[in-house]
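Dear colleague,

Please find below the structure that I am handing over to you. My notes on what was found in it follow directly after.

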Amino acid sequence: MLCGSFIPRSWKDAARVLSDPPKACDFIEVRLDRIGQAIPAGLLTGRKSRVIATCRRPVDGGAFHGEERARLALLKESLQNGADLADLEIDQAQALPLRERGIVSCHLPSGTGDASEETVLRAASLRPRFIK
């Protein structure tokens, strides 16, 4: 499966990409950390690919500087508004009931090597739909 990551400058910008996504992409990841808002209700109507809502903290290579409660609320609202999946870091994955609609991620600082077997097993124990 192929996922295209997209950092919208506006929701109009996002609507354009979601209505005509790259043909090779099975998923489009919408980075909420750059826009600072949840995916609006109705935006995903008529989309042509599955959508992953992601909101990264600076420690994970993102730009969301708000409180953790607010970040989780953006992801939850995006799921309610039609996102197919939410991507959440392993240390926060229990904060949302992800199960069938979740991706558990582990972001390692550049040059630190691969995730340990312990990290992968911990992610699997959370039983998300996907692990990355």
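**Overall architecture**

The protein chain contains four helices and six strands; helices (H or I, at least four residues) and strands (E, at least two) are DSSP runs, numbered from the N terminus. Their order along the sequence is β-α-β-α-β-α-β-β-α-β.

This is a predicted model, in which local features need pLDDT of at least 70 and side-chain atom pairs count only at pLDDT 80 or more, while totals for chains, interfaces and linings use all residues. Residues are numbered from 1 along each chain as its sequence is written, and side-chain values use heavy atoms, with hydrogens and water left out.

Of the 132 residues in the protein chain, 42% are buried. Here, buried means under 20% relative accessible area, exposed means over 50%, and partly exposed lies in between (1.4 Å probe, protein chains only). The accessible surface of the chain comes to about 7600 Å², and carbon and sulfur atoms hold 51% of it. These areas come from the Shrake-Rupley method with a 1.4 Å probe; for residues, only the protein chains shown count as cover. Among contacts with a separation of 6 or more, 55% join residues 24 or more positions apart, where contact means heavy atoms within 4.5 Å.

Which residues of α1 are buried? They are Trp11, Asp13, Ala14, Val17 and Leu18. Seen down the axis of α1, these residues fall within an arc of 150 degrees, so they line one face of the helix; the arc is that of the directions from the helix axis to the C-beta atoms. The face turned away from the buried side carries the exposed residues Lys12 and Arg16. The cover over the buried residues of α1 includes β1 (3–6), β2, α2 and β3.

Pro21 is placed in the loop between α1 (11–19) and β2 (27–31). Its relative accessibility is 9%, so Pro21 counts as buried. Leaving aside neighbours within four places in sequence, Pro21 is in contact with Ile28, Lys48 and Ser49. The C-alpha atoms of Pro21 and Arg50 are separated by 9.9 Å, although the two residues are 29 residues apart along the chain.

With 59% relative accessibility, Gly46 counts as exposed. Between the C-alpha atoms of Gly46 and Leu18, 28 residues apart along the chain, the separation is 8.6 Å.

Helix α3 (residues 68–80) has 13 residues, which should span 18 Å at 1.5 Å a residue; its end C-alpha atoms are 18 Å apart, which agrees. The expected span is 1.5 Å times one less than the number of residues.

The buried residues Arg71, Leu72, Leu74, Leu75, Ser78 and Leu79 belong to α3. They cover an arc of only 150 degrees around the axis, which puts them on the same side of α3. Arg69 and Gln80 are exposed on the other side. What covers the buried residues of α3 includes α2 (32–35), β3 and β4 (85–89). After α3 comes Gly82, whose phi is positive, near 115 degrees.

Ser78 has a relative accessible area of 0% and is therefore buried. Beyond its neighbours within four places in sequence, Ser78 is in contact with Leu32, Ala38, Ile39, Ala53 and Ala83.

**Thr54 in strand β3**

Thr54 lies in strand β3 (residues 50–54). Is Thr54 buried or exposed? Thr54 is buried, as its relative accessible area is 0%. Its side chain makes a polar contact with the side chain of Glu29 at 2.7 Å. A polar contact is a pair of N or O atoms within 3.5 Å; within protein, one must be able to donate a hydrogen and the other to accept it, and residues adjacent in sequence count only if both atoms are side-chain atoms. Neighbours within four places in sequence aside, Thr54 is in contact with Glu29, Val30, Arg31, Leu32, Asp33, Leu75 and Asp87.

**Cysteines**

How many disulfides does a search of the whole structure find? The search finds zero, a disulfide being a pair of cysteine sulfur atoms within 2.5 Å. For Cys3, the closest cysteine sulfur is that of Cys25, and the distance of 7.0 Å is too far for a bond. Cys3 counts as partly exposed, at 37% relative accessibility, whereas Cys55 is buried, with a relative accessible area of 0%.

Yours sincerely
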